[in-house]
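Hi,

Here is the structure I promised to pass on.

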Amino acid sequence: MKFADFVCRAAVAPNLESDDKEGIIREMTRSLLDAGEIPEGEYESIVKAILKREELGSTGIGRGIAVPHTKHPSVKQLLGTVAVSSEGVDFASLDGEKVELFFLLVSPPDRPGDHLRALENITRQLRDDTFCKFLKQAKSAEDILQLLDEADNQQFGS
Amino acid sequence: MPRMPTMNVKQSVAHVVMRDPLGMHMRPAQLFSELATTFTSEIVVRCDTVKVDGKSIFEVLALAAECGAVITIEAKGDDADQATAALVELVENNFPEPTPVKDNKADGDTTG
């Protein structure tokens, strides 16, 4: 699976304003709503489901990266968005470091394989320090999308 | 020049089938890598053609091991046997959560 298969291009956000976990999740889910990817009436329910998943254990998996996610019956296909916080946010990460780079995933309950392959793609690509560093430094949605496209075209070692 | 130790390094290999219907998603990968880290042995995990460091959640997620996939756990070091036994048990028992710290444990409505 490639980023292009699940990242909603119109929802990518380079400058997150929130400074806490719930705020970040709300802001990113809002970007999916604003992009027309999720129905307005499901916004709160999706946010709550993602927050509930975080209670189980932070999705801040270290190296300044978090992948908040949930299954949700309102989506028909895997939806993802990417966002950057230049300041970094305390996300209760596994390594205790602040998180600057976020991948948020909402997947249909009956498609666990897609979710798994998206996680595989994200973690495989982010093992590349250069890709990771450039994404964290991205200042515009165009920067982020270009980096994702380059990764899809295997322009980073992985 | 110091003499190199010649003692044999202990090795242990085990195979186990992924039973979690969602495969090796984030929560299992976290529990797996955290348990692996408690051992001093070097731990390598394979699934199909992918071979990763079992102590890194990034690497374990990159296995993308689906339900039904066979994963191979290879440990090398003093506690190799204990490491493979513990990790196999974790996978076979379908990644039980550690002792809960909350009263309202999350239900099955999450993708982990």
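Let's start with Asp53(B), which sits in strand β3 (residues 50-53) of chain B; strands here are DSSP runs of E with at least two residues, helices are runs of H or I with at least four, and both are numbered from the N terminus. Before going on, a word on the basis: this is a predicted model, where local features need pLDDT of at least 70, side-chain atom pairs count only at pLDDT 80 or more, and totals for chains, interfaces and linings use all residues. Residues are numbered from 1 along each chain as its sequence is written, while chains are lettered from A and ligands numbered from 1 in the order in which they are written.

(With C-beta atoms placed from the backbone, a residue is buried if 20 or more others lie within 10 Å of its own, exposed if 12 or fewer, and partly exposed in between.) Leaving out neighbours within four places in sequence, Asp53(B) is in contact with Val44(B) and Glu59(B), where contact means that the C-beta atoms, placed from the backbone, lie within 7 Å.

Val44(B) also stands opposite Asp53(B) in the strand pairing. Four bridges join β2(B) to β3(B), and the two run antiparallel; strands pair if DSSP finds at least two bridges between them. They form a hairpin with two residues between them, and Asp48(B) in the turn has a positive phi of about 55°.

Now look along strand β2 (residues 42-47) of chain B, where the side chains alternate.

Next, the helices. The axes of helix α1 (residues 26-37) and helix α3 (residues 80-92) of chain B come within 10 Å and cross at roughly 160°. (Axes are lines fitted to C-alpha atoms, for helices over the stretch in contact, and angles run from 0 to 180 degrees between N-to-C directions.) That makes α1(B) roughly antiparallel to α3(B), since angles over 145 degrees count that way, under 35 as roughly parallel, 65 to 115 as roughly perpendicular and the rest as oblique. Leu31(B), Phe32(B), Leu35(B) and Ala36(B) in α1(B) meet Ala83(B), Ala86(B), Leu87(B) and Leu90(B) in α3(B). By class, this contact has eight nonpolar, no polar and no charged residues. (Ala, Val, Leu, Ile, Met, Phe, Trp, Tyr, Cys and Pro count as nonpolar, Asp, Glu, Lys and Arg as charged, and the others, Gly among them, as polar.)

After α3 of chain B comes the segment that holds Phe95(B). Its phi is near 55°, a positive value in a residue other than glycine, and Phe95(B) is buried, with 20 other C-beta atoms within 10 Å.

Last, where the chains meet: the contact takes 26 residues from chain A and 18 residues from chain B. On chain A's side, the largest share, ten residues, comes from α3(A).

Cheers

Definitions and conventions: Contact = placed C-beta atoms within 7 Å.
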